[in-house]
Amino acid sequence: MSVEQISVEKTSTRAAICIIGDEILNGKTKDSNTNYLARFCFDLGVDLKRVEVIPDDEADIKETVRRLSDRFDLVFTSGGIGPTHDDITYGSIAAAYNLPLALDNKTCEDMVRLSVQRDPKWDLTNARKRMATFPSPATILRPVPELWVPVVVVNGNIHILPGIPRLFEQLLQGLKPHILSVKQKKLEAAGFSGEGQVGYARYYRSQVGTSLPEGAIADALTDIQAKVKSRDIKVGSYPKWGGVSDAQGRQVRVVVSVVGRDEAGVKEVADEIRQAVDGWEVTGLDEDAKGKM
């Protein structure tokens, strides 16, 4: 392993997300929170390394959060914190660490204040108090003042978020300073100073389109990836089944993605790939149209 690879291992902040909900597994609801978190982490230079989707089951929640918390610097959960009987995330995570549940008065006060503004007849029922009953002790972050929903952090790194995409996205954006502080602490613990270190930098992506089929470019991409592996640059190939047209009307059969923390290095590798696959830079193609065999 090279010195640069060792630095990446020691300084990179690794994250995981646990999506909780029967409705995801049975197809009733489409999960968008994973994709949002992946893009968010990419922009911050956090390595999202694991995604798990589990049912509303206490045993599954307990096993999953304990395992992820042991392995990753940041763990996010999504879903299961509403007022109904099947919202069991707070209780299950409390049970995972043998913690009691406690009503948080500040969250209740915020819930009442903001909810009554919208509906003067709104009442703080016992069911609604479930949404303010958290594992204790826990760190309670309130990154979005306009929302009464906090982010409850258990075991130092498990961040409990709602499953509703609008709330998930707002709270995640509000957590940005907190996440950057986690990155900084990991760098300092490894003996690095911060900005300028490889683990601190954000990621960069460059995409190359080609009209050649994937089978015709596979050997060239394999050779290029082998050359740049030690530089922590990854090359991915994504066919566009049936072909799509870019903004200039050129037929794109494959998009080759180059990802790394070194912006100049990413550009250099993308330029080499363009030459090798008779390609060109592409932007704005529908990401959902990507395929992978």
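This is a predicted model: local features need pLDDT of at least 70, side-chain atom pairs count only at pLDDT 80 or more; totals for chains, interfaces and linings use all residues.

Q: What makes up the two domains of the protein chain, and how far apart do their C-alpha centres lie?
A: The chain is divided into domain 1, covering residues 3-190, and domain 2, covering residues 204-281, and the C-alpha centres of these domains lie 35 Å apart. The contact between them takes eight residues from domain 1 and nine residues from domain 2, and together the domains bury about 580 Å², with 46% of that area on carbon and sulfur atoms.

Q: Why is the pair Arg 261 and Asp 47 called a salt bridge?
A: The term asks for a side-chain nitrogen of Lys or Arg within 4 Å of a carboxyl oxygen of Asp or Glu. The side chains of Arg 261 and Asp 47 meet at 3.3 Å, N to O, which is within the 4 Å limit, so the pair qualifies. Between domain 1 and domain 2 the count is one salt bridge, and there are also three residue pairs in polar contact.

Q: Which elements give two or more residues to the side of domain 1 that touches domain 2?
A: They are helix 1 (3-11) and strand 2 (47-54), and helix 1 gives the most, with three residues. The residues on this side of domain 1 divide into two nonpolar, three polar and three charged.

Q: Why is Ser 257 called buried?
A: A residue is called buried when its relative accessible area is under 20%. Ser 257 has a value of 5%, so the word applies to this residue. Ser 257 is placed in strand 11 (residues 251-260), and, leaving aside neighbours within four places in sequence, its contacts include Arg 205, Lys 234 and Tyr 238.

Q: How do you know that Asp 43 and Arg 202 form a salt bridge, and what makes the pair a link between distant parts of the chain?
A: Their closest N and O atoms are 3.8 Å apart, and this is within 4 Å, so the pair counts as a salt bridge. Asp 43 is in helix 3 (residues 33-44), whereas Arg 202 is in the loop between helix 9 (176-189) and strand 9 (204-210), 159 residues apart.

Q: Why is Asp 43 called partly exposed?
A: The term covers values between the limits for buried, under 20%, and exposed, over 50%. Asp 43 has 43% relative accessibility, so it falls in between.

Q: Why are Lys 62 and Glu 58 separated by about one helical turn?
A: They are separated in this way because they are four residues apart in helix 4 (residues 58-71).

Q: Asp 246 and Arg 250 meet in a salt bridge; which of the two is buried and which is partly exposed?
A: Asp 246, with a relative accessible area of 9%, is under 20% and is therefore buried. Arg 250, with 32%, lies between 20% and 50% and is therefore partly exposed. Their N to O distance is 3.0 Å.

Note on methods. Residues are numbered from 1 along each chain as its sequence is written. Side-chain values use heavy atoms; hydrogens and water are left out. Domain bounds come from an automatic or database domain assignment. Contact means heavy atoms within 4.5 Å. Buried area is the accessible area (1.4 Å probe) that two parts lose on being put together, summed over both. A polar contact is a pair of N or O atoms within 3.5 Å; within protein, one must be able to donate a hydrogen and the other to accept it, and residues adjacent in sequence count only if both atoms are side-chain atoms. Ala, Val, Leu, Ile, Met, Phe, Trp, Tyr, Cys and Pro count as nonpolar, Asp, Glu, Lys and Arg as charged, and the others, Gly among them, as polar. Buried means under 20% relative accessible area, exposed over 50%, partly exposed in between (1.4 Å probe, protein chains only).
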